Amino acid sequence: MKSEEDEYNFVFKVVLIGESGVGKTNLLSRFTRNEFNHDSRTTIGVEFSTRTLTLDGHLVKAQIWDTAGLERYRAITSAYYRGAVGALLVYDITKHQSYESVDRWLKELYDHADASILVMLVGNKCDLANESREVPVEEAKMYAGSNGLSFMETSALDSTNVEPAFETILREIYKRVLKSKGEAPKENIVVLSNDTSTTQGQDAETKKACCRNI
């Protein structure tokens, strides 16, 4: 018997990108498991987790891929951009250097992902805003607006805006799919009716690509 997790209508692949240490892994664990690890280690290559949400009566399975921020893992993670329909580009509001790298990450994303990918700029660690902020909210908002990105500040520590951030990007993807309803779905948007074979095949292919690059 299939569990509820297996019975979904849409599968959307979303990647988390940004410098090492900005909190991508804890954003993922907070969203998918409602957990936060104060001693989280540096991601090696790519980590993967899922969560199923209901949008307008449809079950949407979000495949969230947490990509390593360190330069030495970049060759591995580039293969994981393929098939992504959404991305959260994360920086640390207490480290302006992590914000300065946003341009480079955005370029890398557009170089490896579909040109129509939906992107949200996320300023993480807003729980430290009062004492340690280095990136002004308005500066980041202006950057996001000028580059066609949505924007939100989050805190994986106290859960601020974590749910809204992921749900916003997933709903934007969902609306795009519905808008194109009646047309053949794009290769990187998986539309399912209680059938996991397509997704499992994509997962296997992605893992093989990772192994080839190690």
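Reader: What makes you say that the charged end of Arg-51 sits over the ring of Phe-31?

Author: A charge sits over a ring if NZ of Lys or CZ of Arg is within 6 Å of the ring centre and within 35 degrees of the ring normal. The charged end of Arg-51 is 4.5 Å from the centre of the Phe-31 ring, so it meets the distance limit of within 6 Å. Lys-13 also lies over a ring face, that of Trp-65, at 4.9 Å from the ring centre.

Reader: Before we go on, what kind of model is this?

Author: It is a predicted model, in which local features need pLDDT of at least 70 and side-chain atom pairs count only at pLDDT 80 or more, while totals for chains, interfaces and linings use all residues. Residues are numbered from 1 along each chain as its sequence is written, and side-chain values use heavy atoms, with hydrogens and water left out.

Reader: Why is the pair of Phe-31 and Phe-166 called stacked?

Author: Rings of Phe, Tyr and Trp (its six-membered ring) pair if their centres lie within 6.5 Å; planes under 30 degrees apart count as stacked, over 60 as edge-to-face and the rest as tilted. By this rule there are six aromatic pairs. For Phe-31 and Phe-166 the values are 4.2 Å centre to centre and 10° between the planes, so the pair is stacked. Phe-31 lies in helix H1 (residues 24-33) and Phe-166 in helix H7 (residues 162-179), so the pair ties together parts 135 residues apart in sequence. Helices here are DSSP runs of H or I with at least four residues, strands are runs of E with at least two, and both are numbered from the N terminus.

Reader: How do you know whether Phe-31 and Phe-166 are buried or exposed?

Author: Buried means under 20% relative accessible area, exposed over 50%, and partly exposed in between (1.4 Å probe, protein chains only). Phe-31 has 2% and Phe-166 has 1%, so both count as buried.

Reader: And what makes the pair of Tyr-99 and Tyr-143 edge-to-face?

Author: Their ring centres are 6.2 Å apart and their planes stand at 70°, so this pair is edge-to-face. Tyr-99 lies in helix H3 and Tyr-143 in helix H6, so the pair ties together parts 44 residues apart in sequence. Both Tyr-99 and Tyr-143 are buried.

Reader: How do you know on which side of H6 its buried residues lie?

Author: In helix H6 (residues 137-146), Ala-140, Tyr-143 and Ala-144 are buried. They cover an arc of only 100° around the axis, so they lie on the same side of H6; the arc is that of the directions from the helix axis to the C-beta atoms. The face turned away carries the exposed residues Glu-138, Met-142, Gly-145 and Ser-146. The buried residues of H6 pack against several elements, including H4 and strand S5 (118-124), where contact means heavy atoms within 4.5 Å.

Reader: What makes a group of residues a nonpolar core?

Author: A nonpolar core is a set of buried Ala, Val, Leu, Ile, Met, Phe, Trp, Tyr and Cys residues joined through side-chain atoms within 4.5 Å. The largest one has 29 residues, among which Phe-12, Leu-88, Phe-166 and Leu-170 touch the most other members. H7 gives the largest share of this core, eight residues. A second, separate core of 27 residues includes Tyr-81, Val-119, Ala-140 and Tyr-143.
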